[in-house]
Amino acid sequence: MKLIDALELLKKPVPENAPPLRVCLACGFTPLHLQTFLAAQLRAFLPQHRVEIKTGLFGDLAGNLERLSSSDVDAVAVVMEWQDLDPRLGIRSLGGWRAADLPDIMESAHQRTAQIVETLKRLSLSIPVSFCPPTLPLPPLFTTRSQQVSAYELHLREIVASFLALISRAPGVRIVNAQCLDELSPLGERFDMKSEVMAGFPYALAHASVIAEILATLIQNPPPKKGLITDLDDTLWAGILGEVGVEAVSWHLDQHTHLHGLYQQLLASFASAGILIGVASKNDPALVEKAFTRKDLILTHESIFPFEIHWGRKSESVQRILEAWNVGSDAVVFIDDSPMEVAEVHAAFPEMECIVFPKSDYLAFWKLLRRLRDLFGKIVVTEEDAIRLQSIRNANVLREYSRTTHGSLDDFLQNAEAKILFTFGKRASDARALELINKTNQFNLNGRRFSESAWSSRLKNPETFLVTATYEDKFGPLGKIAVLLGRVESKTLFVDAWVMSCRAFSRRIEHQCLKYLFEKFKTDEIVFDFEATPRNSPLQEFFKQWLGDLPAHGFSISKASFFEKVPSISHHVEEEVIDGNG
Amino acid sequence: MTETDDRLIRCFSAVFPALAADGIRSASVESVEDWDSLAALRLAAVLEEEYGIQIDLPDLQELSSFEAVRHYLRKRWGVS
C-alpha cells in the first residue's frame, strides 16, 4: 500500500455507530507513517469498525508498555527495533561502538528483554498482543567485516530468539514471522537513514507498509477455514485411477509425482489439527476403496470423511459434504485439477474458495501449499480439534439412524449413555469458549462476536456468569460444545450469549442446558438477549417449542412453561465449579 | 488545470483531509491549521513516493504552500 492510498483510505467516512477498535501501537521510535499504515490496513480489513490508534512516548518502548492499561485498548501492536534493546544499537545514539562496549551492550539487551517479557506476559492475559521483533539491519558496530558474522551479533540474536520463545508461550501473544517479512520486504531496502536522522522514523515507506499489513492480519486474526474438499485423480495422486489401476497411481519422488505426496502430507497435517477433509471424485467407488487400502498413502482413509465417489456433478457432492459437516460454504476450500469442475463448483457456491490444483507447475504448487496453510492456520490445536472428525462421524450415525429406522429419538438417546459436564466458572484463558462464541452461526442466540479484550473484560464483571457444556456418549466425545454467558440482576436471570456447536444437535443438550440454568439459579424465568440472524434458524426453531412462534427480541421463558413442555432428557449430568462465578 | 496539478491536489487532499477542494490551491502553512511539523513530514513523504524524488532537509523549509511545492517540483525536479 502506498502512503497516499493509506491516507485516502482513512479519509473515507466510517459507518455510524461503528464499534471502536482501539489499538495501541507501542514502539520506541516516532510512529509517524507506521501509524498511518496500520490504521489504514485495519480499516481495509475491518471496514465496519472505527479504528483508533494510540501511541506512546518517543524512545521508551518498555515504559510505553508498562504504562499501558488493558482497559484502554482492544489490542496492542508492539514494534521493537535494535535500539530498544540498547540505544547504542541504533544510529541516533553516540554512546560508543568501541570493542570494549560490546559486552555491556549485550548485558543491556539481556536486561531489557527480561523487563519486557514480564510486561508482555501481564498484558497478554487480558488483551491480544501482536509483536514485531527487530527487522532492520544492525549498524556496523561489531569488529568483523559485514561478510563475517561476529560472535557478539550471534549472541545478540540469541538473546532476541530466547526472548521471543518466552513470549510466544503467553497465550495472547502473536509474533510476526520473520520469514514472511523477509519475503515481502527485502532487508537491504528497509532502512531509511535520512528519515531516521531527520524525524526519528527508521523505516522506508514500503517496509512500514509491510509491517503494518502483517500486524493488522495478526490483530484481525481471521477465523481459519474449517474444511477442505479434494479431488483424487491427478490431485491427491498422479494418474487416473480408472485407467491405470490402483497400483499405478503415484505420489513419489522416483516417479516425479512427488508434489502429490507433499499435498497428501499437508492434508494429513490438516486432519491432525482438526481440519475436516472430504473427497469429491468422479470415480468407481470400489476402485477408490481399494486404492485407499494402499499402505503407502500419506493421507489415510481414516482421516477423510465423507467420501463422495460417483459420476454425478461435483457440486452435488460438495453439497452433501457440507451437510455432513454442517458448515457453511464460506468456511470450505475446494481443490480439483480440472478447471471445469472448479468452475462448476464455484458457480454453485460463490462464497467457497475453489482452487485448480497445479499438477505440473511447481512454483504454483509451492504457492498453493503456503496459501492453504494461511487459510487454515490456527494458533493452537485444542482437544476439540482432535476429536472433531470422530464426532461428525457420530452425528451422521445419529442422522442415519433416525432416517433408516424411524426409531424414536428417545430410544436412541436413552441407549447412547450420554454424559454432560457443566463447567461453572469464568476462565478468560479458556480459548475454546471464545472460539465457540465467535464461530458458531446456527445455534447462536444473537450472532454477537467478542474481541479477546471485550471477552476478558466481560468475564471480569462480577455479575457475569459463564457456563460451558462438555458432552460424550458411547460413540465418543464431542468435547466442549456449548457456551452460556449471562448475568443475574434483581433475581432475574439474563442470558446474553448462548451458542452450541452444530455437531451437538439432536441430542437434547440444549434442553439440558436450560434445565441446568433453572435449577442452578433457582429462578422462575430466564430472559434471552435474542436477535434473529440470517443463520440462526435452528435456534429459533428450538425456542418455538415453548413460544409457539418464532422468538422476538428480549423474550423470556418461565420455569413452569419449560418443565411442562420439555421432552425426556436422559443424560447423566455432572457439574464442575472452577471459581466463584456469579 | 495540468496533470501535475491534479496529482499535487491529490497529495494535498490526502495529507490535509479537512481541506476543502476549492481551498487546496491556496493552501499554505499560515492558512491550514493542520499544517504542523508532522503534516510537513507526511507531505514530504507522499511527494517523494508519488514523484520518485528525494527531498533534502533544507528544501523542506521551502515547501510552505501549494504554490511553493508546485514551484519546487518544477524547478528542482523538472516536473511540469
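The questions and answers below concern a predicted model and ask how its descriptions follow from computed values.

Q: Why are H11(A) and H15(A) called roughly parallel to each other?
A: Helix H11 (residues 258-272) of chain A and helix H15 (residues 362-376) of chain A pack at an angle of about 5°. Angles under 35 degrees count as roughly parallel, and therefore H11(A) and H15(A) are roughly parallel to each other. Their axes are 11 Å apart.

Q: Which residues of H11(A) and H15(A) meet?
A: On the side of H11(A) they are Leu259(A), Leu262(A), Leu266(A) and Phe270(A). In H15(A), the residues they meet are Tyr362(A), Phe365(A), Leu369(A), Leu372(A) and Phe376(A).

Q: How do the residues of the contact of H11(A) with H15(A) divide by class?
A: The contact has nine nonpolar, no polar and no charged residues. Leu, Phe and Tyr count as nonpolar, and these are the kinds of residue found in the contact.

Q: What makes strand E8 and strand E10 of chain A edge strands?
A: The open sheet has five strands in the order E8-E7-E6-E9-E10 (chain A), and the pairing is parallel. Strand E8 (307-310) and strand E10 (353-356) of chain A each have a single partner strand, so one side of each is left without a neighbour in the sheet. On average, neighbouring strands of this sheet are turned by 15° against each other, direction ignored.

Q: How do you know that strand E7 of chain A and E8(A) pair?
A: Two strands pair if DSSP finds at least two bridges between them. Strand E7 (residues 276-282) of chain A and E8(A) have four bridges, in the parallel sense. Lys282(A) stands opposite His310(A) in E8(A).

Q: How does helix H14 of chain A run relative to E10(A)?
A: Helix H14 (residues 339-348) of chain A lies across strand E9 (332-336) and E10 of chain A. The angle of H14 to E10(A) is about 175°. Angles over 145 degrees count as roughly antiparallel, so the value of about 175° falls in that class.

Q: In what sense do strand E13 and strand E14 of chain A pair, and over how many bridges?
A: Strand E13 (residues 464-473) of chain A and strand E14 (residues 476-489) of chain A pair in the antiparallel sense over ten bridges. A hairpin joins E13(A) to E14(A) through two residues. The bridge partner of Asp473(A) is Gly476(A) in E14(A).

Q: What joins E14(A) to strand E15 of chain A?
A: Eight bridges join E14(A) to strand E15 (residues 492-500) of chain A, and the two run antiparallel. Leu484(A) has Trp498(A) in E15(A) as its bridge partner. The hairpin of E14(A) and E15(A) has two residues between the strands, and Ser490(A) takes a positive phi near 50° there.

Q: What is the domain assignment of chain A?
A: The assignment gives domain 1 (3-220), domain 2 (227-376) and domain 3 (408-577). The C-alpha centres of domain 1 of chain A and domain 3 of chain A lie 42 Å apart. Nine residues from domain 1 of chain A and eight residues from domain 3 of chain A take part in the contact. On the side of domain 1 of chain A that touches domain 3 of chain A, four residues are nonpolar, four polar and one charged.

Technical notes. Residues are numbered from 1 along each chain as its sequence is written. Chains are lettered from A and ligands numbered from 1 in the order in which they are written. This is a predicted model: local features need pLDDT of at least 70, side-chain atom pairs count only at pLDDT 80 or more; totals for chains, interfaces and linings use all residues. Domain bounds come from an automatic or database domain assignment. Two residues are in contact if their C-beta atoms, placed from the backbone, lie within 7 Å. Axes are lines fitted to C-alpha atoms, for helices over the stretch in contact, and angles run from 0 to 180 degrees between N-to-C directions. Angles under 35 degrees count as roughly parallel, over 145 as roughly antiparallel, 65 to 115 as roughly perpendicular and the rest as oblique.
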